[in-house]
Amino acid sequence: MKLAIFGATGGTGLEVVKQALAAGHVVTALPRTPAKLNLYNPALTVVQGDVLDSAAVEQVLAGANAVICSLGNTANNPDFVVSAGTQVIVDAMQKLTVRRLIVVSSIGVGDSKDQVPFFFKALMKRVLKKAMQDKERQEQIVRASSLDWTIVRPGGLTDGPQTGAYKSGTDPKITAGQVSRADVADFVLKQLIDATYLHKTPAIT
């Protein structure tokens, strides 16, 4: 499968790229700083650019069978870059008739607010307020699209190994525990061939 991956130099995005290539997929990624994507693989195409640039996004999407969006916000990014970038991606997908979109969001967003512990709710209201607002906007943009989307909501991310020993699903009783980025990547890639969570927001922890 030919995949377009956005957010490929972030912790989860990089794991998605590595596992996608290992599984035999062809990957095109859009890092602002290609040196951060320190991988060599003939099945990997790197297009240097910005997710807010529609021309660059369309270049990455050309010929793609599916899109994985794992955008995050860092100190040198503009405010609400995650939702703004997702809007550019969604618009380009609809223009180019690329249908399948898998987005990495977070437990605590949307109707999953009660799935996080009290201390994290406090963080969401203070330290993470703007980042969570950005994710809220992102999810609204995806839901309002005509695409075949799945929004994956992981719990607390770690750099642990891929274990396959994670819990996932849409049961609101699933609470936010830790999960490795490698396990999140594994779950994300499984959605490429599984329609169980089409137009749904599964949590993974």
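At what angle do helix H2 (residues 54-61) and helix H3 (residues 81-96) pack, and how far apart are their axes? The model is predicted, with local features requiring pLDDT of at least 70 and side-chain atom pairs pLDDT 80 or more, while totals for chains, interfaces and linings use all residues. Residues are numbered from 1 along each chain as its sequence is written, and side-chain values use heavy atoms, leaving out hydrogens and water.

**First stop: H2 and H3**

Select residues 54-61 and 81-96. The two helices pack at about 55°, and their axes lie 9 Å apart. Axes are lines fitted to C-alpha atoms, for helices over the stretch in contact, and angles run from 0 to 180 degrees between N-to-C directions. Helices (H or I, at least four residues) and strands (E, at least two) are DSSP runs, numbered from the N terminus. H2 and H3 are therefore oblique to each other; angles under 35 degrees count as roughly parallel, over 145 as roughly antiparallel, 65 to 115 as roughly perpendicular and the rest as oblique.

Next, display the side chains of the contact (heavy atoms within 4.5 Å). H2 contributes Ser54, Val57, Glu58 and Leu61, and H3 contributes Val88, Ile89, Ala92, Met93, Lys95 and Leu96.

**Second stop: Lys95 and Glu58**

Keep Lys95 and Glu58 selected: they form a salt bridge whose closest N and O atoms are 3.2 Å apart. Lys95 belongs to helix H3 and Glu58 to helix H2, so the pair links distant parts of the chain, 37 residues apart. A search of the whole structure gives 6 salt bridges, each a side-chain nitrogen of Lys or Arg within 4 Å of a carboxyl oxygen of Asp or Glu.

Now show the strands. An open sheet of 8 strands has the order S3-S2-S1-S4-S5-S6-S10-S8, with mixed pairing; two strands pair if DSSP finds at least two bridges between them. At the edges are strand S3 (44-46) and strand S8 (168-169), each pairing on one side only. Strand S4 (residues 66-69) and strand S5 (residues 100-104) run parallel and are joined by 4 bridges. Select Cys69 to find its bridge partner in S5, Val103. Helix H3 lies across strand S1 (2-6), S4 and S5, and runs at about 175° to S4.

**Last stop: H1 and H6**

Select helix H1 (residues 11-22) and helix H6 (residues 181-190), whose axes come within 8 Å and cross at roughly 55°. That makes H1 oblique to H6. Gly11, Thr12, Glu15, Val16, Gln19 and Ala20 of H1 meet Arg181, Ala182, Val184, Ala185, Asp186 and Leu189 of H6.
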